[in-house]
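Thanks for coming. Please have the sequence and the model open while I talk.

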Amino acid sequence: MSRQQITPGSFTVIDHDDGTSSEVEAHIEFMRLAIMQAEIAAPTTNAFSTGVFLVKGKYPISEGRSNESKLNLHAAAHAIAKAQQGNNRHMVPGSTLYTTMEPCSSERVSKVPCTKYIIDAGIKTVVIGVKEPDSFFDCNGVKTMCAAGINVIHLLILQEECLKPNIHLLMDN
C-alpha cells in the first residue's frame, strides 16, 4: 500500500471541519492561540494586528504579536527570535508556525520580511488564517514560502476570527 505524501512547497486550503480529523482539530486549537495573541496586540492605523504561535508537533515553542516591543519586528519575527534565543531553539527547524495573517514578503513592509525569518529558521509548515488584504501592500508571502519548499495551509474556516482584531482597518469610512 502506498502512502500519499504532501509535496514540499504545497498550498492547501481547509474550509470546513467535519470533526473527523485530529490534524484539523490541532490546527484550529493552535490558530486560536495565535488569535489570542492578535487580540492583545496594540492596534494601529497603519498595520494589521497579527498573532503567531510556534509549535513542534504539539509542543508549544513560542508566541508573538504585532507591536510586542520597541524592536519594530512583526509578529512572526518576534516569535522566531524569542524561540531562537530560548531553551527550545533546537526545536525551531521543522516546526509549524500559526499566524493570523499571511507573513509579509516585501522589504517595503519590513527591513527583513517575515518570510525571510521563516525560511531562514527552517520552519516546515506555516498555517495562515487570512491572506493579507490589499489594504497596504501587495503581499506574496504564500508564493514566497511555497517556492522555498514550505508547506502552507490556509485555515479558511477561522478567517473571520482572524480578521476581528483588525476590524477598524477593514471597515469603510
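Predicted model: local features only at pLDDT ≥ 70, side-chain atom pairs only at ≥ 80, totals over all residues.

Let me begin with strand β2, residues 51-56. Is β2 largely enclosed or open to the outside? Five of its six residues are buried, so the rest of the structure largely encloses this strand. By buried I mean under 20% relative accessible area.

Now the partners of β2. One is strand β3, residues 59-65, and six bridges join the two. β2 and β3 run antiparallel. If you want a pair to look for, valine 55 stands opposite proline 60 in β3. The two strands form a hairpin, with two residues between them. Look at the turn as well: glycine 57 sits there, with a positive phi of about 65°.

Another partner of β2 is strand β4, residues 96-99. Here there are four bridges, and the strands again run antiparallel. Two pairs can be picked out. Valine 52 stands opposite threonine 99 in β4, and leucine 54 stands opposite leucine 97 in β4.

Staying with β4, which residues lie on each of its faces? Thr96 and Tyr98 are on one side, while Leu97 and Thr99 are on the other. All four are buried, and both faces of the strand are covered.

β4 also pairs with strand β5, residues 125-128. That pairing is parallel and has four bridges. To put the pairings together: β2 is joined to β3 and to β4, and β4 in turn pairs with β5.

Next, the surface, starting with a nonpolar patch. Which residues make it? They are Phe11, Val13 and Leu156, and the patch covers about 230 Å². Phenylalanine 11 belongs to strand β1, residues 11-13. Its relative accessible area is 38%, so it counts as partly exposed, a class that runs between the 20% limit for buried and the 50% limit for exposed.

The other patch is one of negative charge. Asp17, Asp18, Glu25 and Glu29 gather there on the surface. Aspartate 18 is found in the loop between β1 and α1, the latter being residues 22-40. Is aspartate 18 buried or exposed? Aspartate 18 is exposed, because its relative accessible area is 52% and the class begins over 50%.

That is the end of my part.

Methods: Residues numbered from 1 in each chain as written. Heavy atoms only, no water. Patch = residues over 30% accessible without salt bridge, like charges linked within 9 Å, V, L, I, M, F, W, Y side chains within 5 Å. Areas by Shrake-Rupley, 256 points an atom, 1.4 Å probe, with all protein chains shown as cover. Salt bridge = Lys/Arg side-chain N within 4 Å of Asp/Glu carboxyl O. Buried < 20%, exposed > 50% of the residue type's maximum accessible area, 1.4 Å probe, protein only. Pairing = 2+ DSSP bridges. Lys, Arg positive; Asp, Glu negative; His and termini not counted. Charge placed at Lys NZ, Arg CZ, Asp CG, Glu CD.
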